[in-house]
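This briefing summarises the fold and surface of one protein chain for computational use. Please consult the sequence and the model alongside the points below.

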Amino acid sequence: MGVHEIILRVSFVAMLIKLAMATNHIVGGPIGGWDTNSNLQSWTSSQQFSVGDNLIFQYPPDHDVVEVTKADYDSCQQTNPIQSYNDGATSIPLTSTGKRYFICGTIGHCSQGMKVEIDTLAAQVSPASPVAAAPSIADSPMISIIPSAAPAESTVSSAESPEASSPLFEAQVESPTLSPMIPSTEFLAPSSPIAQHSQDVSASSTEKGNLQAFISIVLSLVVVFMAF
């Protein structure tokens, strides 16, 4: 599966989450409604409408909802109505961006303020998610799983250099007689098995941590794909 296909699938999942979290805007709510007493223009300016949201009109039998053109909205006329509703609980999905216009068709009600202009914006999908983008090869923990050879060379160098530069070692070589300090010099050599074992344990812990991080990323992607 390519990186582009992974990104497309993750984006599709994000879009589904956005649709599932769509907002239902009750016209005039929460303290008003679709009536002549509510300040519907003030309510409209306080809302943000996005694609996927729903516009909810709740009203008694003496009102209705008529979707009209911009010209009919401005003149409070129903010359060319786009759609009319009179069921008392009208739900209108906002499926595209742009402006839509609604008035009450009862004579005189539109001029008394029963009109709303809805400006629908594109749905905002946040990219700041742990699975929003597939990990690149350069950022993958697999790169750091293979231990570098540099520490091993450094260990060998540090193990050899003290013996080569130690005054005690040189004195033993030049002395014509046996030196009683030979056993203690060999015992204090820095390249002890304990130090080497400690470095091996440290390298093993680093590899284990990197492997666990990589497995976590893989499991996160698998959980996303299982949703299909």
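**Surface, burial and contacts**

The accessible surface of the protein chain is about 15,000 Å², and carbon and sulfur atoms contribute 61% of that surface (Shrake-Rupley method, 1.4 Å probe). This is a predicted model, in which local features need pLDDT of at least 70, side-chain atom pairs count only at pLDDT 80 or more, and totals for chains, interfaces and linings use all residues. Residues are numbered from 1 along each chain as its sequence is written, and side-chain values use heavy atoms, with hydrogens and water left out.

- Of the 228 residues in the protein chain, 24% are buried (under 20% relative accessible area, 1.4 Å probe, protein chains only).
- Among contacts (heavy atoms within 4.5 Å) with a separation of 6 or more, 69% link residues 24 or more positions apart.

**Secondary structure**

- The protein chain holds seven helices and eight strands (DSSP runs numbered from the N terminus: helices are H or I with at least four residues, strands are E with at least two).

- An open sheet with mixed pairing has the strand order 2-8-7-4-5 (two strands pair if DSSP finds at least two bridges between them).
- Its edge strands, each pairing on one side only, are strand 2 (49–50) and strand 5 (83–85).
- Strand 4 (residues 65–68) runs antiparallel to strand 7 (residues 98–103), with three bridges joining them; valine 68 lies opposite tyrosine 101 in strand 7.

**Pairings of strand 3**

- Strand 3 (residues 54–58) runs parallel to strand 1 (residues 24–26) through three bridges, and asparagine 24 faces asparagine 54 in strand 3.
- Strand 3 also pairs with strand 6 (residues 89–93), antiparallel over five bridges; here leucine 55 is opposite isoleucine 92 in strand 6.

How values were computed
Buried < 20%, exposed > 50% of the residue type's maximum accessible area, 1.4 Å probe, protein only.
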